[in-house]
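Work through each exercise with the structure open beside you.

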Amino acid sequence: MNLLCRGRLKLLVASLTAIVLLTWLYLLAGNLENGRSLLLAPCLAGTPAAQVLDRAVLESRVREVEEENRQIRLQLSQSQGTAAQPADGNYANQQWGASADTGPEDGDNTAEEKSNHTECPRSPTVQKCELIHVACVCAGHNASRDVVTLVKSVLFHRRNPLHFHFITDTVANRILSTLFQSWMVPSVQVSFYDADELKSEVSWIPNKHYSGIYGLMKLTLTKALPSDLSKVIVLDTDITFATDIAELWGIFRKFADKQVIGLVENQSDWYLGNLWKNHKPWPALGRGFNTGVILLYLERLRRIGWEQMWRLTAERELMSMLSTSLADQDIFNAFIKQNPVLVHQLPCFWNVQLSDHTRSEQCYTEVSDLKVIHWNSPKKLRVKNKHVEFFRNLYLTFLEYDGNLLRRELFGCPSQANPENLQVALEELDEDDQCYDFRRERLTVHRVHLYFLQYEYTPAEDNTDVTLVAQLSMDRLQMLEAICKHWEGPISLALYMSDAEAQQFLRYAQASEVLKNRKNVGYHIVYKEGQFYPVNLVRNVALRNANTPYVFLTDVDFLPMYGLYDYLRKSVVQLDMAHTKKALVVPAFETLRYRLSFPKSKAELLSMLDMGTLYTFRYHVWQKGHAPTDYAKWRTATTPYKVEWEPDFEPYVVVRRDCPEYDQRFVGFGWNKVSHIIELDAQEYDLMVLPNAFMIHMPHAPSFDISKFRSSSSYRNCLNTLKDEFHQDLSRKYGSAALKYLTAQRNI
């Protein structure tokens, strides 16, 4: 009995094994979804896993499947050929992601090739070194910051030369032009177009969207962009790319003869009009289209009279709609509703829309499906989405990505990233020179992002305004709030930071009630590169971007006395600085206490000085730096007094904004301010000490650069070499008048 049961059990196991094996083979070779294997993607059809199958066994089944697929395609083509233009309600029922853009170009395929068609990705061909044109409308400080993240994501994936076309206001033009000039990315061109000149084209259209008038300017691109530009990819600033933009550019080759606009279907129910009671959207074809990513065939648009057509559409619809709710998108959709033959529908993964009420989750099943992410909700990164954490991390990757790494060359494509004179200067450097690193740093071009945060300034009518100018790095960030409390006037700060640190600073500033409420502070990011702190280059960035007639040149670890801003403005008038060359010296003091009851007057300061709570600045370690201020005289002075230049004098001064800049050969620690005061003296500035002004240095840990100066003899030797070269340059520039500085230096 046991033997019989055992025998039946073996037979049952053998039968089940055979059934499973045959089923597996059938599914492997079979096709349950129009020829696509469930277990082995057709894209893998040449791999070792596929080759182990016995071709002889599968041959007959493959022929059967191909015949079935051919019949299915034949039936589909016949039904499509007899069907009319899809009705509005059915247009959106096409499968998202199903598009001619996902497979081979059918017009170029033979019948046999069509019958063997698979869904393996096959992007339209873009020629090596073919120039890709990208357009953006960008206005204001925040949008300028957003567009940098977009550009980073495009540059990270790209393999083709790019030409960016920016329609900007004055603010964005200043920010982005400086950024790209200093970024110097190979094989990237940038053009700017004045948005003010286009406002009259769209200002007549009432718009409720938060983008304002700039949200309508994509309608004007056929007029704004060069007439010989035939096609362009148009992007919103809140876009992040997850693939090479050349794939999107290649879709232009898929356009039918009459198609002029490429768009992704809208992924919310906005244009279906069912989001809330009495919701009345603009007319649209089905679900409508989203204009965050647009392929514009400019040449064809001009040919069909686009400018007149969109105007007529807008005028007609505004009769009943009164205003747009989604800016240009409403007008594009109304136009497409009337002219559906002109639109080429892109697969939805080219614009995965992370807005409220979105259906974007239907666009992707795998990470590799993602092409473009669109943060088109006013909530931006705080939008609700099942996979928002993944999208947010992808965005943050580019937000904090080191932009210097994107300066890579495109092999085989012409590039003129470095100006010719800079390239020559780099080639002339001697790598065996012990001071090579110092000289190389002077030629380094640092990326600069001006006005990183919102900035507003109204010039004073009396032309006496003074800007506090300073530089800092991440380790001095805690000083900002205190300085803003002590100085109510305009401030120009240059911050030396990495991309990631800049984002930390942004979060810090947005969380601070003090900084958030100060709009007259210009924050300019100088991005880190190289081994030295380019202190004078950073100072010059802050100096160049001061917007007042006068500047107070200081360091961020000093707190000015309360009321110093008003006192300096009065001194500017009193000493007739508008017509004379003067540098007003603000006496510097210091405390060793981290908590200080800040003196409210000169009398209180003198009392603290006598008690040993305060000291004259660097009295213990570098007396020569401020001794010429003559603190003994200052104690009793009631009027400004003149002092003479002395070697190593480095006071903090108020000068006209057109003063000489800092010498950028001095990096890190040593002689960076001394050289500037020498230049002022060489240009015959009178050094005038203010009797009722003072500033106090707050304690902090030693900087990394001063540690290098103290520990490295080669560092100190190179600094002496740079001093000698500075004196030689002074002699060439100012002649015999500069000899006193060289003589004084040799006598030290």
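A disulfide is a pair of cysteine sulfur atoms within 2.5 Å. Keep in mind that this model is predicted.

**Exercise 1.** Find out what keeps C136 from forming a bond with the closest cysteine sulfur.

*Solution.* 
- Step 1: The closest cysteine sulfur to that of C136 belongs to C138, at 7.4 Å.
- Step 2: The cut-off is 2.5 Å, so the sulfur of C136 is too far from that of C138 for a bond.
- Step 3: C136 counts as buried because its relative accessibility is 3%, and C138 counts as buried because its value is 0%.

**Exercise 2.** Describe the disulfide of C129 and C413.

*Solution.* 
- Step 1: The sulfur atoms of C129 and C413 are 2.0 Å apart, and they form a disulfide.
- Step 2: The torsion about their S-S bond is about -95°, so this disulfide is left-handed.
- Step 3: C129 sits in the loop between helix 5 and strand 1, while C413 sits in the loop between helix 14 and helix 15, so the pair links distant parts of the chain, 284 residues apart.
- Step 4: C129 is partly exposed, at 23% relative accessibility, whereas C413 is buried, at 9%.

**Exercise 3.** Work out which parts of the chain C435 and C718 tie together.

*Solution.* 
- Step 1: A disulfide joins C435 to C718, with 2.2 Å from S to S.
- Step 2: C435 lies in the loop between helix 15 and helix 16, and C718 lies in helix 26, so the pair ties together parts 283 residues apart in sequence.
- Step 3: Both C435 and C718 are buried.

Technical notes
Residues are numbered from 1 along each chain as its sequence is written. This is a predicted model: local features need pLDDT of at least 70, side-chain atom pairs count only at pLDDT 80 or more; totals for chains, interfaces and linings use all residues. Side-chain values use heavy atoms; hydrogens and water are left out. Helices (H or I, at least four residues) and strands (E, at least two) are DSSP runs, numbered from the N terminus. Buried means under 20% relative accessible area, exposed over 50%, partly exposed in between (1.4 Å probe, protein chains only).
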